[in-house]
Amino acid sequence: MDLSTVKERAGPRQFGPTDEMPLEYREAATRMIQFHANSEIMGAYIERPFIRQAPSLDRKLAVSAQVQDEIGHGQLLYRAAENLGVKTREQMLDELANGEGKFLNCFHYPLDNWYELPMIMFFVDGAAMRRQASLKRTSWEPYAHAIDKICFEEGFHIKHGEDILRELATGTRRDQEKLQEAFEKWWPRILQFFGPTDDQSTHDDFSQEVGLKTMSNDALRNAFLNAYLPKAEKYGLEIPEYPRVEYHEDRDHYEVYEADLDWDEFVTVAKNELPTGRGQIAKRRRSQDAVEWVRNAIESTPTGGETPATAD
């Protein structure tokens with residue numbers, strides 16, 4: 001199939017492993033799904049310390065389940081990307097461990113305390129859900145299939161994050177002050193979750209032309225803002241002065257001044273050059289090295305049949 005035919009036929013779940021897709025499509029889809037898979041893995045790494053640090057047994061169990069879910073999501077996505085025939089799952093995992101793989105900006109920063117956890121589990125997961133809901137209509141069918149399962153589980157993660165947020169927001173004065181401090185620290189990073197502005201995005205136009213994406217970065221950012229800014233205010237959080245957010249009363253619509261966001265730091269993050277991000281990547285590399293003997297043992301065991309493309 002040539003590229004012009006792909007653009008003509010592009011639609012929800014239109015293409016699958018039996019279609020002979022052009023290299024441009026396969027590389028773009030691999031880049032997009034690999035980024036998503038890497039982000040699921042690295043998101044689990046910053047949440048993992050709170051299995052120990054959570055203040056109750058119920059919270060520990062819930063965080064533990066969530067971390068396992070995120071790792072599982074990563075594996076599903078690597079498998080969906082692998083079917084494009086550009087990279088193997090092992091290559092993508094090695095690239096992540098070597099610092100070549102890219103992942104979401106928020107996961108380059110460590111979480112310093114319990115008050116910061118709902119910034120990830122509620123706001124970042126909420127932003128992820130906003131993006132993933134639109135990907136149920138992506139043109140690469142194995143990706144959409146994986147997204148069905150991911151969205152189902154992420155819904156529980158968001159509810160858990162919101163419950164932690166509610167508990168802290170209705171807690172002591174100190175709890176409320178620490179929560180506000182965490183929100184002010186993470187809010188600008190969360191607004192950059194969706195990537196560079198449309199006029200600066202390198203891949204946005206092509207991805208939409210071939211149906212891999214159905215919404216632009218700016219459209220997703222504003223959709224998230226309009227859904228989650230009222231939720232933040234509901235829990236008593238004050239929106240920081242910067243980045244400025246303007247409310248358009250005639251449209252009942254919020255819009256962020258994207259020029260107020262620190263795009264220089266974002267570029268440093270995107271290049272995997274932020275010191276805290278390097279630390280996260282090093283943790284991933286050490287973990288991968290530590291379990292190499294397990295992979296070798298599994299791969300040396302004869303198996304039969306074919307591996308399913310995604311969760312069935």
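This briefing describes salt bridges, a strand hairpin and a surface patch in one protein structure. The structure is a predicted model, in which local features need pLDDT of at least 70 and side-chain atom pairs count only at pLDDT 80 or more, while totals for chains, interfaces and linings use all residues. Residues are numbered from 1 along each chain as its sequence is written, and side-chain values use heavy atoms, with hydrogens and water left out.

**Salt bridges**

- A salt bridge is defined here as a side-chain nitrogen of Lys or Arg within 4 Å of a carboxyl oxygen of Asp or Glu, and by this rule the count comes to 15.
- One of them joins Lys-7 to Glu-209, with the closest N and O atoms 3.1 Å apart.
- Because Lys-7 belongs to helix H1 (residues 3-9) and Glu-209 to helix H9 (residues 204-209), this pair ties together parts that are 202 residues apart in sequence; helices (H or I, at least four residues) and strands (E, at least two) are DSSP runs, numbered from the N terminus.
- Lys-7 has a relative accessible area of 36% and is therefore partly exposed, where buried means under 20% relative accessible area, exposed over 50%, and partly exposed in between (1.4 Å probe, protein chains only).
- Glu-209, at 40% relative accessibility, also counts as partly exposed.
- Arg-79 and Glu-82 meet through their side chains in another salt bridge, at 2.6 Å from N to O, and both lie in helix H4 (residues 57-82), three residues apart, which is about one turn of the helix.
- Glu-258 and Arg-221 form a salt bridge whose closest N and O atoms are 2.9 Å apart.
- This pair links distant parts of the chain, since Glu-258 sits in the loop between E2 and helix H11 (263-270) and Arg-221 in helix H10 (residues 217-234), 37 residues apart.
- Both Glu-258 and Arg-221 are buried.

- Strand E1 (residues 245-248) pairs with strand E2 (residues 253-256) in the antiparallel sense over four bridges, pairing being counted if DSSP finds at least two bridges between two strands.
- Val-245 has Val-256 in E2 as its bridge partner.
- Four residues lie between the strands of this hairpin, in which Asp-252 takes a positive phi near 50°.

**A nonpolar surface patch**

- Val-291, Trp-293, Val-294 and Ile-298 form a nonpolar patch on the surface, with about 410 Å² of accessible area together.
- Patches are made of residues with over 30% relative accessible area and no salt bridge, like charges being joined within 9 Å and nonpolar side chains (Val, Leu, Ile, Met, Phe, Trp, Tyr) within 5 Å.
- Accessible areas come from the Shrake-Rupley method with a 1.4 Å probe, and for residues only the protein chains shown count as cover.
- Val-291 is placed in the loop between helix H12 (275-290) and helix H13 (292-299), and at 40% relative accessibility Val-291 counts as partly exposed.
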